[in-house]
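Let's take a look at this protein together.

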Amino acid sequence: MISRLPKWVEYGAFILAFVAGSVNAVGLLGFKHQAVSHVSGTATLMATHWSTSPLDAIHLLGVLVSFLIGAIVSGIFLHGNSLKLGRHYDSLLLIEALLLLATIYFLNQGQLYGHYLASAACGLQNALATTYSGAVIRTTHLTGIMTDLGIMLGQFLKGKGFDQRKGVLFLLLITGFTCGGASGGLLFEHVGFQALLLPSGVCLILSLIYRLYRQYWFKYHRKLENRQKPL
């Protein structure tokens with residue numbers, strides 16, 4: 001599947017992993033040490049809180065449902081599982097940016113809606129990347145990536161070869177998520193929830209770049225088609 005994806009997808013995956021890492025860092029530091037970019041830890045916390053703190057458990061359930069809703073939004077916008085221009089990737093990135101901006105507002109007001117919006121943004125992003133990569137690229141958590149990389153390295157040690165492009169992609173995802181977490185943590189120490197302006201701005205820029213690239217691509221191919229038409 002990776003071999004069929006264009007080369008620029010790898011750089012996009014790095015940037016999206018950076019975004020998720022920064023959002024998750026702010027979540028861990030500012031949302032009562034609660035992760036929002038993946039659901040495993042949140043589900044475990046929810047399960048352990050039912051007997052001791054039902055209200056917290058209900059809140060965590062809301063975070064899980066919000067992640068699901070974000071993924072549903074991606075599912076509504078996108079069709080199929082192949083990467084093609086014009087499939088609303090720019091629209092989804094814009095929605096993610098707006099969700100993160102709204103997250104800042106509500107968190108600064110001390111309202112829990114911010115947690116839900118941040119989780120929805122991550123669910124939307126993870127579904128976006130999963131849809132176009134056939135579940136190979138997951139940008140909001142590293143569990144699957146580390147597992148796949150470990151399998152590849154194990155097979156390599158057995159002499160079965162190593163897919164270098166996939167290995168590079170996984171390293172880019174790990175590095176992007178880690179760098180995003182470091183950046184988010186550093187910014188949170190200085191500006192609090194305003195740190196989410198970084199991932200939100202990155203999503204806005206990506207959305208704009210993709211839209212401009214899509215317009216250029218269609219315009220270029222229309223010119224080629226017109227030149228090839230018989231007189």
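## Two helices crossing

H3 crosses H4 in a right-handed way. Keep in mind that this is a predicted model. At the crossing, Val73, Ser74 and Phe77 come from H3, while H4 brings Ser91, Leu92 and Ile95.

## How the pair is angled

So where do these two helices sit in the chain? H3 covers residues 54-77, and H4 covers residues 89-108. They pack at an angle of about 155 degrees, and their axes are 10 Å apart. Angles over 145 degrees count as roughly antiparallel, so H3 is roughly antiparallel to H4.

## Stepping back to the whole chain

How many helices and strands does the protein chain have? The tally is eight helices and zero strands. Read from the N terminus, the order of elements is simply α-α-α-α-α-α-α-α.

Now for contacts along the sequence. Take the ones in the protein chain between residues at least 6 apart in sequence: 71% of them join residues at least 24 apart.

The protein chain has 231 residues, and 42% of them count as buried. Here, buried means under 20% relative accessible area.

Technical notes:
Residues are numbered from 1 along each chain as its sequence is written. This is a predicted model: local features need pLDDT of at least 70, side-chain atom pairs count only at pLDDT 80 or more; totals for chains, interfaces and linings use all residues. Side-chain values use heavy atoms; hydrogens and water are left out. Axes are lines fitted to C-alpha atoms, for helices over the stretch in contact, and angles run from 0 to 180 degrees between N-to-C directions. Helices (H or I, at least four residues) and strands (E, at least two) are DSSP runs, numbered from the N terminus. Angles under 35 degrees count as roughly parallel, over 145 as roughly antiparallel, 65 to 115 as roughly perpendicular and the rest as oblique. A crossing is left-handed if the near helix is turned anticlockwise from the far one by less than a right angle, and right-handed if clockwise. Contact means heavy atoms within 4.5 Å. Buried means under 20% relative accessible area, exposed over 50%, partly exposed in between (1.4 Å probe, protein chains only).
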